[in-house]
Amino acid sequence: MEFDVINILYYCAVILLSTKLLGIITRKMGLPQVVGMIVAGLLIGPAIFGQFGWGWFHGIVTPSPEEMNVLKSFSQVGVVFILFSSGLETNLDDLKKSGAAATLIALAGVLVPVALGTGAALLFMGGEFTQAKLLNALFVGMILAATSVGITVETLRELGKLNTRVGTTVLSAAIIDDVLGIILLSIVTGISGGGNIGITLLKTLGFFVFTIGLGIVLRIVFKNLEKRYPNTRRTGIFALAMCLFYAFCAEKLFGIAAITGSYMAGLMLSGLHDTKFVDRKVVISGYMIFTPIFFAYIGISADFSHFESSGLIFALVFVLAGIIGKIIGCAPAAMLFKYSKRESLTIGCGMIARGEVALAIYATGQSLILYEEGKLVGIDPLVPTIFLIVITSILCPVFLKLVFKNQKTEVVTDKEHGSTIHYEAIENANNDQD
């Protein structure tokens, strides 16, 4: 089957229409649009609808390897845009204010779920223990590291708890654990490429020194640019060029994930006057074509030929590890910083949601899936990841509403300093005694 650019136009049309339609449906069901986009990819791809379409319309059917490479390239641009936007939306001031509490909570919220996910993967793989299996298991566990900031923020905002002490801590910790998850992925993929741990860590450190050092200079350039030409296309083009350059340098010069570079580019430009303007342009550019293709490509490229009933059992164990890992990791860490039992449980529940960053980690680390002679001998975590996103997206708002029950937020103004302080009052004190 030869490459035909006209087929690419057709594939893009089908992807954009189906992802938007399924995204709207899932949003009306109270789920993230990401879920609908993945389902759209599954439906229109070779695995499902391509097998029994009608007439000339067979969904994506079976693209040639060359055509799949084009779609894969589009999807990789899409995931770079997603992480760049996440970096732009990161509030550096909030990260600074969150201090040690959010950092330790985020660290525990990464290490515990990753350990549980890695252990579960090793148990399900069975057989002789090898380095390749360990790397595959680590990759599976790393998908549990990230928290969906968007889902958590929307839930806290709806409950009126976003600006409380707990809300700010959850938001800051969620951002930090995304960063930690991406860094961990970069280290593991670097080791899998033949490097040793010491060299990989040095390369990772070198990357951050390079990106932060250059970023300070480019941030000054961007400030001058936005001052002279505020809210113009040239500022957006400058920012996007910086994003793509950082992604290139991360992969080619330092051997770590390109998404780490794009996130750092966004982080270095966050908090400036034109940041929101640039973010809107990036979101529009991404979600018009590249981002839907990224989510759909996950489903289109899904291979269920190796899927067995044990895979469904592992998916459920994987989701359970993801939920329990965040709660038992974050809650005790929060209690170390004088949060009450209820507040600590609230923080743990607020961290369970997973979304696009989990998918980004999956897409970036697919080379760590273990095959021998064309046969899957490790674990392909695609189906577990989809389960994780759907189930935790539903349970996170439910859990938060339950733990916030009988609580109300009192807003008290400090007249002396002119500031507003948020306090959480427990209507029924007997529900939470320390």
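# Questions on a predicted model

Student: With a relative accessibility of 4%, does S75 count as buried or exposed?
Tutor: We are looking at a predicted model, in which S75 has its place in helix 3. A residue is called buried when its relative accessible area is under 20%. S75 has a relative accessibility of 4%, and therefore the word for S75 is buried.

Student: Which residues is S75 in contact with, leaving aside its neighbours within four places in sequence?
Tutor: Contact asks for heavy atoms within 4.5 Å, and we set aside the neighbours of S75 within four places in sequence. The residues that then remain in contact with S75 are F290, I293, F294 and Y297.

Student: How are helix 3 and helix 11 placed relative to each other?
Tutor: Helix 3 covers residues 65-89 and helix 11 covers residues 275-300, and their axes come within 7 Å and cross at roughly 140°. Over 145 degrees would count as roughly antiparallel, and 65 to 115 as roughly perpendicular. The angle belongs to neither of these groups, nor to the roughly parallel one, which is why the two helices are called oblique.

Student: Is the crossing of helix 3 past helix 11 left-handed or right-handed, and how do the residues of their contact divide?
Tutor: As helix 3 passes helix 11, the crossing is left-handed. The residues of the contact between helix 3 and helix 11 divide into 18 nonpolar, seven polar and three charged.

Student: Which residues of helix 13 meet helix 12?
Tutor: The axes of helix 12, residues 309-335, and helix 13, residues 341-350, come within 8 Å and cross at roughly 140°, which makes helix 12 oblique to helix 13. This crossing is right-handed. From helix 12 the residues K326, I327, C330, A331, A334 and M335 take part, and in helix 13 they meet K341, S344, L345, I347, G348 and C349.

Student: How many of the 10 residues of helix 13 are buried?
Tutor: The buried residues of helix 13 are R342, E343, S344, T346, I347, G348, C349 and G350. Helix 13 is therefore largely enclosed by the rest of the structure, and the number of its buried residues is eight.

Student: Where is K338 found, and is it buried or exposed?
Tutor: Most residues other than glycine have a negative phi, whereas phi of K338 is near 70°, a positive value. The place of K338 is in the loop between helix 12 and helix 13. A residue over 50% relative accessible area is called exposed, and the value for K338 is 73%, so K338 counts as exposed.

Student: What does N231 count as, given its relative accessibility of 43%?
Tutor: N231 lies in the loop between helix 8 and helix 9, and its phi, near 50°, is also positive. A relative accessibility of 43% falls between the limits of 20% and 50%, and therefore N231 counts as partly exposed.

Technical notes
Residues numbered from 1 in each chain as written. Predicted model: local features only at pLDDT ≥ 70, side-chain atom pairs only at ≥ 80, totals over all residues. Heavy atoms only, no water. Axes fitted to C-alpha atoms, helices over the stretch in contact; angles between N-to-C directions. Helix = DSSP H or I, 4+ residues; strand = E, 2+ residues; numbered from the N terminus. Parallel < 35°, antiparallel > 145°, perpendicular 65-115°, else oblique. Left-handed = near helix turned anticlockwise from the far one by under 90°. Nonpolar A, V, L, I, M, F, W, Y, C, P; charged D, E, K, R; others polar. Buried < 20%, exposed > 50% of the residue type's maximum accessible area, 1.4 Å probe, protein only.
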